[in-house]
Amino acid sequence: MNRTASLIEATAEQPHITIEELAPDYPVIHVSNPQATASIALHGAHLISYQPSGQDPVIFTSRDAVFREGKAIRGGVPICWPWFSAHRDAGNGYPSHGLARTSFWQLEQIECGADTTTLVLSFTTDGSDASWPYACKATLTITVGSTLAISLRSDNLSDSAIEISEALHSYFQVGMADQTEVIGLQGCDYVFSLSDTEVKSQDAPIVINEAIDRVYHSEATIEIADRSNQRTIIVEKHNSQTTVVWNPGAEAAAAMGDLANDEYHHFVCVEPANAWPNRMTLAPGTSHTSSMTVSVK
Ligand SMILES: O=P(O)(O)OC[C@H]1O[C@@H](O)[C@H](O)[C@@H](O)[C@@H]1O
């Protein structure tokens, strides 16, 4: 039985769930409950849309996104795990942002409540991949309701300590990025991407009016003030000590085959993470869970 048929069978009794095959053997789980709709690709456990009732979509996915095994989806909430950004042996050509976002996950559980739908998905490594010779497990819990909650648990299943970095690489939809402020990182230290070592301090809310790629040391709640849509997206974090803010700007966007040229205007990535000085060291048999809750006001 292929992945789509298995998912259709496993979710047949679930009232909020329909399954669509976006590409051969590439299923997407659509959620529709009284409070919101959402879609999650089994590939990467990748949330590709979230829209609370009566609101514009909160999550952006490119109209040029590619849905194919081994290719990361442009937009949504890519799960960067078990490493964020370049692999520590980047010279080996290992993929950016970890193995999990370009692999199929397992659906473990679905719970349909009155107003919420919760999905639990997992991805396990057995140590056989040269880029990640460790046994560990990621468990992602996504709750779709009037708010969106996503938690990522990392379990070290091996006999030695493992260093893990991660991000919930969320693409938030905005009317116009250059009329959007990211508020909440004032006073925090940051670096320009992870290749830079000079630490700077953020002195004011961030306006997304040029290419930006900054990694902040911060646990703070973030507000994305979208002036053109007259709404604010609030990102609350738990056990996440890093926040990445990214938008490619015009030039880099034009070079990306899976992002239409004008689309960089319509999202900002605010990524709850544990990276940079906040990589996690998990002792054998231990776990760590980080999470975010997204709401709109
Ligand atoms: O193109 P990718 O692999 O999805 O990465 C997009 C961006 O993701 C951000 O998290 C990184 O800080 C950027 O450096 C990177 O360019």
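Q: How many bridges join strand 3 to strand 4?
A: Six, and the two strands run antiparallel. Strand 3 covers residues 36-41. Strands here are DSSP E runs of at least two residues, numbered from the N terminus. Two strands pair if DSSP finds at least two bridges between them.

Q: Before we go on, what kind of model is this?
A: This is a predicted model: local features need pLDDT of at least 70, side-chain atom pairs count only at pLDDT 80 or more, and totals for chains, interfaces and linings use all residues. Residues are numbered from 1 along each chain as its sequence is written.

Q: Back to strand 4. What is the bridge partner of Ser39 there?
A: Ser49.

Q: What is the order of the open sheet of four strands?
A: The order is 1-2-3-4, with antiparallel pairing. Strand 1 (17-23) and strand 4 (46-52) are the edge strands, and each pairs on one side only. On average, neighbouring strands of this sheet are turned by 15 degrees against each other, direction ignored. Axes for that angle are lines fitted to C-alpha atoms, and angles run from 0 to 180 degrees between N-to-C directions.

Q: Pro52 lies in strand 4. Why is it classed as buried?
A: Because 20 other C-beta atoms lie within 10 Å of Pro52. Buried means 20 or more such atoms within 10 Å, exposed means 12 or fewer, and partly exposed is in between; C-beta atoms are placed from the backbone.

Q: What is Pro52 in contact with, leaving aside neighbours within four places in sequence?
A: Gln35, Ala36, Val58, Ser146 and Val296. Contact means C-beta atoms within 7 Å.

Q: Ligand next. Which residues surround it?
A: Ala72, Ser85, Ser96, His97, His169, Ser193, Asp213, Val244, Trp246 and Glu271. The cut-off is a C-beta atom within 6 Å of the molecule.

Q: How do the shell residues divide?
A: Three are nonpolar, five polar and two charged. Ala, Val, Leu, Ile, Met, Phe, Trp, Tyr, Cys and Pro count as nonpolar, Asp, Glu, Lys and Arg as charged, and the others, Gly among them, as polar.

Q: What does strand 17 pair with?
A: Strand 17 (residues 212-217) pairs with strand 14 (residues 189-192) in the antiparallel sense over three bridges. Six bridges join strand 17 to strand 20 (residues 242-247), also antiparallel. Tyr190 has Tyr216 as its bridge partner in strand 17. His217 stands opposite Thr242 in strand 20.

Q: What about phi of Trp276?
A: Near 55 degrees, a positive value in a residue other than glycine. Trp276 is in the loop between strand 21 (267-274) and strand 22 (280-282). Trp276 counts as buried, with 21 C-beta neighbours inside 10 Å.

How values were computed: Contact = placed C-beta atoms within 7 Å.
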